[in-house]
Amino acid sequence: MNIIEQMLTKYVIDTENDLINALKEIFQEIALLGLYRGNFFANAAFYGGTALRILYGSNRFSEDLDFSLIEKNPAFNFEMYFQNIIEEFEALGLSVVISRRSENKDTSGIESAFLKNDTSIHTLNIQAENNVNLLKGVHPGKKLKIKLEVDTNPPLNFRTEVKTLLLPVTFNIVSMTLPNLYAGKMHAVLCRKWKTRVKGRDWFDFEWYVSRNTKLNLVHLRERMIESGDLKGNENLDKDKFVTLMNAKIDSLDLEKVIEEVQPFIKDHRVFDLWTREHFRMLTSRVMFSE
């Protein structure tokens with residue numbers, strides 16, 4: 001049994017979508033190992049939905065690898081770490097290509113909902129037909145894509161901690177702590193600029209944080225909202241204002257689209273039976289805050 005087959009044994013796989021989600025997560029972990037080997041985490045912290053899934057046990061799959069520099073450095077060169085990633089995949093018999101994404105900087109576009117001029121975005125491509133023995137069960141020609149993004153001029157006032165993964169080998173990752181990951185997620189909930197699309201994954205994660213009594217770092221959330229232009233530099237963000245903003249966002253939700261978007265990433269769809277505006281208002285009333 002090779003290492004990828006060993007890593008697949010922890011997943012329940014009934015459909016091609018199950019297999020694709022599992023493989024993407026395994027490939028994310030291989031990419032993280034490559035970044036660790038290159039000492040990337042001396043400069044950056046892992047955050048976002050994939051960090052929540054891989055490091056903290058969220059039960060929804062995630063697509064992208066998101067990182068924030070620990071200190072602002074617009075001249076940071078993310079590409080210098082890519083050879084380390086490629087070598088980890090090649091050691092496992094997988095051929096990969098990492099390409100820079102051409103992004104529209106207009107924040108009205110879907111892909112650029114949170115894109116800043118100082119965000120470096122690349123895409124890791126793994127094609128099934130080139131790795132047929134390792135990707136059995138995936139339709140030939142299928143490309144598995146993982147976006148890698150690092151914010152080189154990030155909002156600050158966040159804390160980090162070291163987390164350990166045991167596969168493909170034992171290695172350490174620097175991650176934002178849960179209250180700060182929570183702040184990043186609530187920034188997404190409140191401030192995405194998408195016009196016609198919602199991201200149900202944001203609302204799934206919101207419920208995950210509330211259900212585990214995670215404390216929200218309002219200081220970091222305020223930093224993010226100022227950075228994105230959703231708060232002025234002299235504006236305060238307290239508990240009451242947060243609740244008001246959340247309830248206004250909930251009032252505008254298209255619940256059908258919210259559920260439709262997140263379903264491919266969740267194996268048990270019974271969780272959506274309770275999803276109503278009243279449910280999300282109840283969750284908002286139970287949000288806990290760090291001091």
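Ser68 is in contact (heavy atoms within 4.5 Å) with Asn43, Ala44, Ala45, Tyr47, Asp151, Pro154, Phe158 and Met176, its neighbours within four places in sequence being left aside. Ser68 is found in strand 2, residues 65–69. Helices (H or I, at least four residues) and strands (E, at least two) are DSSP runs, numbered from the N terminus. With a relative accessible area of 1%, Ser68 is buried. Buried means under 20% relative accessible area, exposed over 50%, and partly exposed in between, with a 1.4 Å probe and protein chains only.

The model is predicted: local features need pLDDT of at least 70, side-chain atom pairs count only at pLDDT 80 or more, and totals for chains, interfaces and linings use all residues. Residues are numbered from 1 along each chain as its sequence is written, and side-chain values use heavy atoms, with hydrogens and water left out.

The protein chain has ten helices and nine strands. Of its 291 residues, 53% are buried. Among the contacts in the protein chain with a separation of 6 or more, 70% are accounted for by residues 24 or more positions apart.

Two packed helices are described by the angle between their axes and the distance between the axes. Axes are lines fitted to C-alpha atoms, for helices over the stretch in contact, and angles run from 0 to 180 degrees between N-to-C directions. Angles under 35 degrees count as roughly parallel, over 145 as roughly antiparallel, 65 to 115 as roughly perpendicular and the rest as oblique. Helix 2 (residues 16–37) packs with helix 3 (residues 49–56) at an angle of about 90 degrees, the axes being 11 Å apart; the two helices are therefore roughly perpendicular to each other. In this contact, Glu25, Gln28, Glu29 and Leu32 of helix 2 meet Thr50, Arg53 and Ile54 of helix 3. By class, the contact of helix 2 with helix 3 has two nonpolar, two polar and three charged residues. For these classes, Ala, Val, Leu, Ile, Met, Phe, Trp, Tyr, Cys and Pro count as nonpolar, Asp, Glu, Lys and Arg as charged, and the others, Gly among them, as polar. The charged end of Arg53 also sits over the ring of Phe61, 4.1 Å from its centre; the criterion is that NZ of Lys or CZ of Arg is within 6 Å of the ring centre and within 35 degrees of the ring normal.

Helix 5 (residues 178–191) and helix 8 (residues 239–251) pack at about 50 degrees, with their axes 9 Å apart, which makes helix 5 oblique to helix 8. Met186, Val189 and Leu190 of helix 5 form the contact with Phe242, Leu245, Met246 and Lys249 of helix 8. By class, six nonpolar, no polar and one charged residues take part in the contact of helix 5 with helix 8. Met186 and Phe242 are also touched by Leu221, as are Ala183, His187, Leu216 and Leu237, not counting residues up to four places away in sequence. Leu221 is found in helix 7, residues 218–227, and counts as buried at 0% relative accessibility. Its C-alpha atom is separated by 9.9 Å from that of Ala188, 33 residues apart along the chain.

Rings of Phe, Tyr and Trp (its six-membered ring) pair if their centres lie within 6.5 Å; planes under 30 degrees apart count as stacked, over 60 as edge-to-face and the rest as tilted. By this rule the count comes to 20 aromatic pairs. The rings of Phe40 and Phe76 have their centres 6.2 Å apart and their planes at 55 degrees, so this pair is tilted. Phe40, in the loop between helix 2 and strand 1 (44–47), and Phe76, in the loop between strand 2 and helix 4 (82–91), are 36 residues apart, and the pair links distant parts of the chain. Phe40 and Phe76 are both buried. The pair of Tyr182 and Tyr209 is stacked, at 4.4 Å centre to centre and 10 degrees between the planes. Tyr182 lies in helix 5 and Tyr209 in helix 6 (residues 200–211), so the pair ties together parts 27 residues apart in sequence. Tyr182 and Tyr209 are both buried. Ring pairs also link Phe40, Phe41, Phe46, Phe67, Phe76, Phe78, Tyr81 and Phe82 into a cluster.

A cis peptide bond, with omega of about 10 degrees, joins Leu167 and Pro168. Pro168 is found in the loop between strand 6 (160–165) and strand 7 (171–176).
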